[in-house]
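I opened this notebook to keep track of what I looked up in one protein model. The entries run from the whole chain down to single residues.

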Amino acid sequence: MGQSEHAVPGILAAGLLAITLAACQVPPAATPEVRAILVTIDGLRWEEVFTGLDSTLARQTETFDALSEDFWAPGADQRKRLLMPWLWETIGEAGVLLGNRTLGSDGIITNGRNFSYPSYNELLTGQPDDRIDSNDKIPNPNTSVLEWLNGRPGFEGSVAAFGSWDVFPFILNEDRSGLPVNAGFRSATDSDRSDREDYLNTLQAQTPSPWGAVRLDVFTHHYAMEYLKRVAPRVTYIAYGETDDFAHDGDFEAYVRAAHRTDAFLRDLWEWIQAEPGYAQNTTLIITTDHGRGSGEGWIGHGTGPRWAGSEFTWMAAMGPNIAALGEVADRDFELRQIASTVAHAVGTNFTPSGAAPAVQIE
Ligand SMILES: [Zn+2]
């Protein structure tokens, strides 16, 4: 009795010691958690992305000299690098870009409407839906890839969305999906928010916005950056919006400069990713737009009908550990509805809802 009373704790103690040692000796996981960041730049045409400043449209502005000093060069290759330098020096070298129609690569929008909500639905849920025929604030009946991932093991509570447009809480059906969505003029409200988030809240409340439904992208960008630093979600969506609204205003210079600023936001994001343990080397970045715009005088808008012809074309750029460094790809099309599966694939999952289009093959 005495012996066994003594022996049992001894065995327990030895077992605990072994477990403790084993825990200490477990090496860091060989494969860190893969992550993805999806970015959209609302209504930024493939023409600007792949050919840079449009001289005909620039000539019609009152600030042609300033615009051309900053962004004009005789060749499209030089112009695109002046307009979006980070995109071309980084993804152009280490990733893939699709949608340059002058090279026979079409990014095709399949919802037949070519405006924002139907297109965000298409790209986020993997298929178009004829029921979505307005930008009204109606909760999306369809499941986005963000909602789908948020319900999967390893991703619960680790998916977040940031947008400049105040319709995103409906597009992502936040009431059903439970996704955190900081969009429109929302503040950061988490109880453990940072001092910088508090300061953003103050600045946002005191900054006039040109538009009623869309905030300036600087707020969306920095709310997203602060959340990334604080929460480290596995999947993040950032939806910039200035490009589309400045274009609808007919302000071509502001549209062009917004594209250039968004490129700088992406540089800021990517430099943070590269310096951040847990993100560096294992994060895929996917960038696209919800729709194109018309050409010539039709650049101002988008939709259906001859005035907006061309707005049915999108583009995409991607870079990450499993994405080939193909640069600009010729003679290969893709469809906007493939973006959802492409995001899921980037984090090692297969987006399976019935009817969802497959991932773009960019590995
Ligand atoms: Zn749009």
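The entries below begin with the model itself and then turn to its parts.

**Entry 1, the model.** I noted that this is a predicted model, in which local features need pLDDT of at least 70 and side-chain atom pairs count only at pLDDT 80 or more, while totals for chains, interfaces and linings use all residues. I also noted that residues are numbered from 1 along each chain as its sequence is written.

I looked up the secondary structure and found 15 helices and 11 strands, where helices (H or I, at least four residues) and strands (E, at least two) are DSSP runs numbered from the N terminus. The radius of gyration is 23 Å, close to the 21 Å that the globule rule gives for 363 residues, so the protein is as compact as a globular protein of that length; the radius is taken over C-alpha atoms, and the rule is 2.2 Å times the number of residues to the power 0.38. Along the principal axes, the C-alpha atoms fill a box of roughly 100 × 45 × 40 Å. I read that 49% of the 363 residues are buried, a term that asks for 20 or more other C-beta atoms within 10 Å of a residue's own, with exposed meaning 12 or fewer, partly exposed lying in between, and C-beta atoms placed from the backbone. Of the contacts with a separation of 6 or more, 68% join residues 24 or more positions apart, a contact being two C-beta atoms, placed from the backbone, within 7 Å.

How many of the six residues of β6 (residues 235-240) are buried? I found six of the six, so β6 is largely enclosed by the rest of the structure. Val235, Tyr237 and Ala239 point one way, and Thr236, Ile238 and Tyr240 the other way. Strand β1 (residues 35-41) pairs with β6 in the parallel sense over six bridges, pairing being counted when DSSP finds at least two bridges between two strands. Five bridges join β4 (residues 159-163) to β6, and these strands also run parallel. Tyrosine 237 stands opposite leucine 38 and opposite alanine 161.

I followed an open sheet in the order β8-β3-β11, with mixed pairing. Its edge strands are β8 (313-314) and β11, each pairing on one side only. Strand β3 (residues 107-108) runs antiparallel to β8, joined by two bridges, and isoleucine 108 stands opposite phenylalanine 313.

Helix α12 (residues 217-231) and α14 pack at an angle of about 5°, with their axes 11 Å apart. They are therefore roughly parallel to each other, the word used for angles under 35 degrees. In this contact Asp217, His221 and Met225 of α12 meet Thr262, Phe265, Leu269 and Trp272 of α14.

Glutamine 281 has phi near 75° and is found in the loop between α14 (252-275) and β7 (283-288); with 12 C-beta neighbours inside 10 Å, glutamine 281 counts as exposed. Aspartate 331, with a phi of about 60°, has its place in the loop between β10 (327-328) and β11 (334-335), and aspartate 331 is exposed, with 8 other C-beta atoms within 10 Å.

Methods: Axes are lines fitted to C-alpha atoms, for helices over the stretch in contact, and angles run from 0 to 180 degrees between N-to-C directions. Angles under 35 degrees count as roughly parallel, over 145 as roughly antiparallel, 65 to 115 as roughly perpendicular and the rest as oblique.
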